[in-house]
Amino acid sequence: MFQEVVIKNKINSDKFLQEVHVFAPATVANMICGFDILGFAVDEPGDEVIMKRTDKLGIEILQITGDEGKLPLDAMKNTVSYSAWKLLSDLGLNESFGLSIELHKKMPIGSGLGSSAASTVAGVFALNELLGKPLSKDELLPYCMEGERLACGSAHADNVAPSLYGGITLIPSYQPLLVRSLPVPKDLVVTLIYPKVEVPTKEARKLIKDKVQLKKVINQLGNVASLIAAIYENDYDEIGRSMQDEIIEPHRSLLIPYFDEMKQIALENEALTFGISGSGPTVMALSKNSLVAEKIEQLIHDFLNSKHIDHLTFVSKINTQGPYLKH
(Lines give C-alpha, C1' and ligand atoms only; values in the text may rest on other atoms or scores of the structure.)
Protein backbone atom coordinates (compact mmCIF):
# COMPACT_ATOMS: atom_id res chain seq x y z
CA MET A 1 0.00 0.00 0.00
CA PHE A 2 1.15 3.52 -0.85
CA GLN A 3 2.16 5.49 2.26
CA GLU A 4 -0.87 4.03 4.06
CA VAL A 5 -0.24 5.42 7.54
CA VAL A 6 0.70 8.90 6.33
CA ILE A 7 -2.33 9.13 4.06
CA LYS A 8 -4.82 7.95 6.66
CA ASN A 9 -3.65 10.65 9.04
CA LYS A 10 -4.60 13.31 6.48
CA ILE A 11 -8.30 12.49 6.38
CA ASN A 12 -10.70 15.02 7.92
CA SER A 13 -14.34 14.09 7.38
CA ASP A 14 -15.43 17.66 8.18
CA LYS A 15 -13.98 18.72 4.83
CA PHE A 16 -15.81 16.11 2.72
CA LEU A 17 -17.87 17.39 -0.20
CA GLN A 18 -21.04 15.80 -1.54
CA GLU A 19 -20.46 16.14 -5.29
CA VAL A 20 -17.77 17.32 -7.73
CA HIS A 21 -17.54 17.73 -11.50
CA VAL A 22 -13.98 17.48 -12.87
CA PHE A 23 -12.34 17.96 -16.27
CA ALA A 24 -8.99 16.27 -17.04
CA PRO A 25 -7.02 17.01 -20.21
CA ALA A 26 -5.90 14.80 -23.04
CA THR A 27 -2.17 14.42 -23.53
CA VAL A 28 0.51 13.99 -26.16
CA ALA A 29 2.84 11.31 -24.82
CA ASN A 30 6.45 10.76 -25.92
CA MET A 31 6.80 14.16 -27.63
CA ILE A 32 8.17 12.17 -30.56
CA CYS A 33 11.72 11.59 -29.26
CA GLY A 34 11.02 10.92 -25.55
CA PHE A 35 9.41 7.48 -25.52
CA ASP A 36 7.72 6.83 -22.14
CA ILE A 37 9.49 9.78 -20.46
CA LEU A 38 8.03 12.98 -21.98
CA GLY A 39 4.52 14.29 -22.50
CA PHE A 40 2.36 17.40 -22.44
CA ALA A 41 -1.28 18.21 -21.72
CA VAL A 42 -3.63 20.07 -24.06
CA ASP A 43 -6.55 22.39 -23.38
CA GLU A 44 -8.84 20.21 -25.47
CA PRO A 45 -10.09 17.56 -25.76
CA GLY A 46 -10.43 15.94 -22.34
CA ASP A 47 -12.72 13.80 -20.17
CA GLU A 48 -15.21 14.75 -17.47
CA VAL A 49 -16.22 12.92 -14.30
CA ILE A 50 -19.14 13.66 -12.02
CA MET A 51 -18.60 11.98 -8.65
CA LYS A 52 -21.04 11.91 -5.73
CA ARG A 53 -21.02 10.48 -2.23
CA THR A 54 -23.80 7.97 -1.65
CA ASP A 55 -25.25 6.04 1.27
CA LYS A 56 -24.75 2.80 -0.66
CA LEU A 57 -21.31 1.34 0.10
CA GLY A 58 -18.89 0.69 -2.72
CA ILE A 59 -18.38 2.34 -6.10
CA GLU A 60 -21.02 2.36 -8.82
CA ILE A 61 -20.68 3.68 -12.36
CA LEU A 62 -24.07 5.15 -13.19
CA GLN A 63 -23.37 6.27 -16.74
CA ILE A 64 -20.71 6.46 -19.44
CA THR A 65 -21.23 8.67 -22.47
CA GLY A 66 -19.15 9.16 -25.59
CA ASP A 67 -17.61 5.67 -25.55
CA GLU A 68 -19.92 3.97 -28.07
CA GLY A 69 -20.54 1.26 -25.48
CA LYS A 70 -16.90 0.16 -25.42
CA LEU A 71 -16.10 0.75 -21.74
CA PRO A 72 -17.15 -1.54 -18.89
CA LEU A 73 -19.60 -0.40 -16.22
CA ASP A 74 -18.01 -2.88 -13.81
CA ALA A 75 -16.21 -0.68 -11.28
CA MET A 76 -13.29 -3.09 -10.98
CA LYS A 77 -12.70 -3.12 -14.75
CA ASN A 78 -12.95 0.60 -15.50
CA THR A 79 -9.88 2.78 -14.93
CA VAL A 80 -11.79 5.74 -13.48
CA SER A 81 -13.41 3.68 -10.72
CA TYR A 82 -10.64 1.12 -10.16
CA SER A 83 -8.07 3.82 -9.35
CA ALA A 84 -10.55 5.53 -7.03
CA TRP A 85 -11.14 2.21 -5.29
CA LYS A 86 -7.39 1.71 -4.81
CA LEU A 87 -7.14 5.15 -3.21
CA LEU A 88 -10.17 4.57 -0.98
CA SER A 89 -8.67 1.25 0.12
CA ASP A 90 -5.38 2.83 1.15
CA LEU A 91 -7.30 5.52 3.00
CA GLY A 92 -9.20 2.86 4.91
CA LEU A 93 -12.53 4.14 3.56
CA ASN A 94 -13.51 1.36 1.17
CA GLU A 95 -15.79 -0.33 3.71
CA SER A 96 -17.47 2.86 4.92
CA PHE A 97 -17.77 5.05 1.85
CA GLY A 98 -20.06 5.04 -1.18
CA LEU A 99 -19.50 6.68 -4.55
CA SER A 100 -21.45 7.07 -7.75
CA ILE A 101 -19.63 8.04 -10.94
CA GLU A 102 -20.62 9.44 -14.30
CA LEU A 103 -17.89 9.37 -16.95
CA HIS A 104 -18.28 11.59 -20.00
CA LYS A 105 -15.74 10.80 -22.71
CA LYS A 106 -14.90 13.88 -24.76
CA MET A 107 -12.24 12.19 -26.87
CA PRO A 108 -11.98 8.99 -28.91
CA ILE A 109 -10.85 5.80 -27.21
CA GLY A 110 -7.59 4.27 -28.43
CA SER A 111 -6.68 7.50 -30.17
CA GLY A 112 -3.18 8.10 -28.79
CA LEU A 113 -4.45 11.08 -26.79
CA GLY A 114 -4.29 9.44 -23.38
CA SER A 115 -7.97 8.58 -23.21
CA SER A 116 -7.65 6.12 -20.32
CA ALA A 117 -5.24 8.47 -18.55
CA ALA A 118 -7.63 11.42 -18.71
CA SER A 119 -10.46 9.31 -17.28
CA THR A 120 -8.24 7.97 -14.52
CA VAL A 121 -6.84 11.38 -13.60
CA ALA A 122 -10.33 12.87 -13.57
CA GLY A 123 -11.51 10.13 -11.20
CA VAL A 124 -8.57 10.25 -8.80
CA PHE A 125 -8.55 14.06 -8.76
CA ALA A 126 -12.34 14.11 -8.21
CA LEU A 127 -12.07 11.74 -5.26
CA ASN A 128 -9.32 13.83 -3.69
CA GLU A 129 -11.49 16.95 -4.09
CA LEU A 130 -14.47 15.12 -2.62
CA LEU A 131 -12.36 14.21 0.43
CA GLY A 132 -11.27 17.81 1.01
CA LYS A 133 -7.98 17.65 -0.94
CA PRO A 134 -5.92 15.68 1.63
CA LEU A 135 -3.30 14.52 -0.88
CA SER A 136 -0.82 16.30 -3.13
CA LYS A 137 -0.50 15.56 -6.83
CA ASP A 138 2.73 13.71 -6.08
CA GLU A 139 0.77 11.40 -3.79
CA LEU A 140 -2.05 10.96 -6.33
CA LEU A 141 0.23 10.01 -9.23
CA PRO A 142 0.81 6.32 -8.28
CA TYR A 143 -2.97 5.78 -8.20
CA CYS A 144 -3.32 7.31 -11.65
CA MET A 145 -0.60 4.96 -12.87
CA GLU A 146 -2.59 1.99 -11.58
CA GLY A 147 -5.31 2.95 -14.04
CA GLU A 148 -2.75 2.73 -16.85
CA ARG A 149 -1.72 -0.70 -15.62
CA LEU A 150 -5.35 -1.82 -15.86
CA ALA A 151 -5.83 -0.23 -19.31
CA CYS A 152 -2.72 -1.42 -21.13
CA GLY A 153 -0.76 -3.68 -18.78
CA SER A 154 1.98 -1.14 -18.00
CA ALA A 155 1.96 1.47 -15.23
CA HIS A 156 3.66 4.15 -17.32
CA ALA A 157 3.32 7.84 -16.48
CA ASP A 158 3.90 9.68 -19.76
CA ASN A 159 0.15 10.28 -20.14
CA VAL A 160 -1.09 10.50 -16.56
CA ALA A 161 1.73 12.78 -15.37
CA PRO A 162 1.05 15.64 -17.80
CA SER A 163 -2.71 15.18 -17.41
CA LEU A 164 -2.38 15.43 -13.61
CA TYR A 165 0.28 18.14 -13.35
CA GLY A 166 -0.45 20.04 -16.55
CA GLY A 167 2.22 21.44 -18.85
CA ILE A 168 5.22 19.44 -20.04
CA THR A 169 6.47 16.65 -17.81
CA LEU A 170 9.63 14.57 -17.79
CA ILE A 171 9.86 11.20 -16.02
CA PRO A 172 13.62 10.66 -15.52
CA SER A 173 13.12 7.61 -13.31
CA TYR A 174 10.48 5.02 -12.45
CA GLN A 175 12.42 3.38 -9.61
CA PRO A 176 12.17 5.59 -7.67
CA LEU A 177 9.35 7.43 -9.42
CA LEU A 178 10.42 10.97 -10.30
CA VAL A 179 8.48 13.58 -12.27
CA ARG A 180 9.85 16.94 -13.33
CA SER A 181 7.71 19.77 -14.68
CA LEU A 182 9.40 21.64 -17.52
CA PRO A 183 8.71 25.21 -18.65
CA VAL A 184 6.05 25.68 -21.33
CA PRO A 185 7.07 27.95 -24.22
CA LYS A 186 4.07 30.28 -24.34
CA ASP A 187 3.67 30.44 -28.12
CA LEU A 188 3.47 26.70 -28.79
CA VAL A 189 0.24 25.52 -30.39
CA VAL A 190 -0.52 21.92 -31.30
CA THR A 191 -2.61 20.61 -34.18
CA LEU A 192 -4.03 17.17 -33.51
CA ILE A 193 -5.39 14.93 -36.27
CA TYR A 194 -7.11 11.67 -35.39
CA PRO A 195 -7.70 9.37 -38.38
CA LYS A 196 -10.46 7.00 -37.30
CA VAL A 197 -8.49 3.78 -37.46
CA GLU A 198 -7.82 1.51 -34.51
CA VAL A 199 -4.29 1.26 -33.12
CA PRO A 200 -4.53 -0.36 -29.64
CA THR A 201 -1.67 0.59 -27.30
CA LYS A 202 -0.84 -3.05 -26.56
CA GLU A 203 -0.57 -3.84 -30.28
CA ALA A 204 1.46 -0.71 -30.99
CA ARG A 205 3.94 -1.68 -28.28
CA LYS A 206 4.49 -5.04 -29.96
CA LEU A 207 6.01 -3.22 -32.94
CA ILE A 208 8.83 -1.85 -30.83
CA LYS A 209 12.03 -3.80 -31.30
CA ASP A 210 13.94 -5.16 -28.29
CA LYS A 211 17.31 -4.35 -29.87
CA VAL A 212 18.22 -0.97 -31.33
CA GLN A 213 21.38 0.15 -33.12
CA LEU A 214 23.73 2.09 -30.85
CA LYS A 215 23.95 4.93 -33.39
CA LYS A 216 20.19 5.43 -33.27
CA VAL A 217 20.21 5.41 -29.47
CA ILE A 218 22.94 8.07 -29.41
CA ASN A 219 20.99 10.23 -31.87
CA GLN A 220 17.81 9.84 -29.81
CA LEU A 221 19.57 10.74 -26.56
CA GLY A 222 20.97 13.82 -28.25
CA ASN A 223 17.51 14.82 -29.44
CA VAL A 224 15.97 14.45 -25.96
CA ALA A 225 18.77 16.44 -24.33
CA SER A 226 18.56 19.13 -27.00
CA LEU A 227 14.77 19.32 -26.70
CA ILE A 228 14.89 19.88 -22.94
CA ALA A 229 17.53 22.59 -23.35
CA ALA A 230 15.52 24.25 -26.11
CA ILE A 231 12.37 24.25 -23.95
CA TYR A 232 14.22 26.10 -21.19
CA GLU A 233 15.67 28.56 -23.71
CA ASN A 234 12.41 29.13 -25.65
CA ASP A 235 14.28 28.17 -28.80
CA TYR A 236 11.42 27.18 -31.10
CA ASP A 237 13.59 26.21 -34.06
CA GLU A 238 15.64 23.87 -31.86
CA ILE A 239 12.46 22.43 -30.36
CA GLY A 240 11.37 21.47 -33.86
CA ARG A 241 14.78 20.13 -34.88
CA SER A 242 15.09 18.03 -31.73
CA MET A 243 11.70 16.33 -31.95
CA GLN A 244 12.79 13.57 -34.33
CA ASP A 245 12.38 9.84 -33.71
CA GLU A 246 14.55 7.19 -35.35
CA ILE A 247 13.48 4.31 -33.08
CA ILE A 248 9.68 4.15 -32.68
CA GLU A 249 8.12 6.26 -35.44
CA PRO A 250 9.43 4.23 -38.42
CA HIS A 251 7.49 1.20 -37.15
CA ARG A 252 4.35 2.76 -35.69
CA SER A 253 3.81 5.13 -38.61
CA LEU A 254 3.10 2.12 -40.83
CA LEU A 255 -0.22 1.71 -38.99
CA ILE A 256 -1.34 5.29 -39.72
CA PRO A 257 -2.86 5.98 -43.14
CA TYR A 258 -1.05 8.65 -45.18
CA PHE A 259 1.35 9.45 -42.34
CA ASP A 260 4.16 10.55 -44.67
CA GLU A 261 1.84 12.72 -46.72
CA MET A 262 0.43 14.45 -43.64
CA LYS A 263 3.93 15.03 -42.33
CA GLN A 264 4.98 16.61 -45.62
CA ILE A 265 1.96 18.93 -45.61
CA ALA A 266 2.71 20.08 -42.06
CA LEU A 267 6.43 20.66 -42.56
CA GLU A 268 5.89 22.49 -45.86
CA ASN A 269 3.53 24.88 -44.09
CA GLU A 270 5.72 26.10 -41.23
CA ALA A 271 5.15 23.38 -38.64
CA LEU A 272 8.06 23.15 -36.21
CA THR A 273 7.75 19.38 -36.18
CA PHE A 274 5.32 16.53 -36.89
CA GLY A 275 4.95 13.08 -35.37
CA ILE A 276 2.81 10.53 -33.59
CA SER A 277 0.90 11.32 -30.42
CA GLY A 278 1.42 8.47 -27.97
CA SER A 279 0.93 5.14 -29.72
CA GLY A 280 -1.21 6.72 -32.45
CA PRO A 281 -3.14 6.88 -34.67
CA THR A 282 -3.42 10.57 -33.71
CA VAL A 283 -0.64 12.65 -35.20
CA MET A 284 0.40 16.09 -34.10
CA ALA A 285 2.10 19.16 -35.52
CA LEU A 286 3.64 21.82 -33.29
CA SER A 287 3.54 25.42 -34.46
CA LYS A 288 4.64 28.77 -33.12
CA ASN A 289 1.22 30.41 -33.43
CA SER A 290 -2.45 29.57 -33.86
CA LEU A 291 -2.68 30.87 -37.45
CA VAL A 292 -0.11 28.33 -38.63
CA ALA A 293 -1.69 25.59 -36.51
CA GLU A 294 -5.15 26.27 -37.95
CA LYS A 295 -3.82 26.41 -41.51
CA ILE A 296 -2.20 22.99 -41.06
CA GLU A 297 -5.41 21.65 -39.56
CA GLN A 298 -7.40 22.79 -42.59
CA LEU A 299 -4.89 21.49 -45.14
CA ILE A 300 -4.68 18.03 -43.59
CA HIS A 301 -8.45 17.98 -43.10
CA ASP A 302 -8.92 18.66 -46.82
CA PHE A 303 -6.31 16.06 -47.74
CA LEU A 304 -7.91 13.31 -45.62
CA ASN A 305 -11.33 14.18 -47.00
CA SER A 306 -9.94 13.74 -50.51
CA LYS A 307 -8.79 10.26 -49.47
CA HIS A 308 -12.14 9.47 -47.80
CA ILE A 309 -10.50 9.03 -44.38
CA ASP A 310 -12.91 9.84 -41.55
CA HIS A 311 -11.13 11.92 -38.91
CA LEU A 312 -11.28 14.47 -36.10
CA THR A 313 -9.07 17.51 -35.62
CA PHE A 314 -8.25 19.79 -32.69
CA VAL A 315 -6.11 22.91 -32.31
CA SER A 316 -5.00 23.68 -28.76
CA LYS A 317 -2.53 25.49 -26.58
CA ILE A 318 -0.61 23.42 -24.03
CA ASN A 319 -2.65 23.02 -20.85
CA THR A 320 -0.65 24.29 -17.87
CA GLN A 321 -3.30 23.65 -15.19
CA GLY A 322 -4.05 19.94 -15.33
CA PRO A 323 -7.45 18.80 -14.06
CA TYR A 324 -9.87 21.30 -12.60
CA LEU A 325 -13.34 21.62 -11.10
CA LYS A 326 -16.16 22.62 -13.44
CA HIS A 327 -18.87 24.78 -11.96
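1. I begin with S100, which counts as buried because its relative accessible area is 6%, where buried means under 20% relative accessible area, exposed means over 50% and partly exposed lies in between (1.4 Å probe, protein chains only). S100 sits in strand β4 (residues 98-104); helices (H or I, at least four residues) and strands (E, at least two) are DSSP runs, numbered from the N terminus. Residues up to four places away in sequence not counted, S100 touches I50, M51, K52, T54, E60 and L62, contact meaning heavy atoms within 4.5 Å. One of these residues, E60, is 40 residues from S100 along the chain, and the C-alpha atoms of S100 and E60 are separated by 4.9 Å.

2. On the basis of the note: this is a predicted model, in which local features need pLDDT of at least 70 and side-chain atom pairs count only at pLDDT 80 or more, while totals for chains, interfaces and linings use all residues. Residues are numbered from 1 along each chain as its sequence is written, and side-chain values use heavy atoms, with hydrogens and water left out.

3. The mean pLDDT of the protein chain is 92, and 93% of its residues reach 70 or more, pLDDT being the predictor's confidence in each residue, from 0 to 100. Over residues 1-5, however, the pLDDT is below 50, and this stretch has 9 contacts in the model beyond near neighbours in sequence.

4. With its neighbours within four places in sequence left aside, S119 is in contact with D47, V49, T79, V80, L103 and K105.

5. Strand β1 (residues 19-29) has 9 of its 11 residues buried, so β1 is largely enclosed by the rest of the structure. β1 runs antiparallel to strand β2 (residues 38-54), to which 10 bridges join it; two strands pair if DSSP finds at least two bridges between them. In this pairing V28 has F40 of β2 as its bridge partner. β1 also pairs in the antiparallel sense with strand β11 (residues 324-325), over 2 bridges, and here the bridge partner of F23 is Y324.

6. Between β8 and strand β9 (residues 283-287) the antiparallel pairing extends over 4 bridges, and F274 has A285 in β9 as its bridge partner.

7. In α11, the residues V292, A293, I296, E297, I300, F303 and L304 are buried. They lie on the same side of α11, because they cover an arc of only 140° around the axis, the arc being that of the directions from the helix axis to the C-beta atoms. What covers the buried residues of α11 includes β7, α10, β8, β9 and β10.
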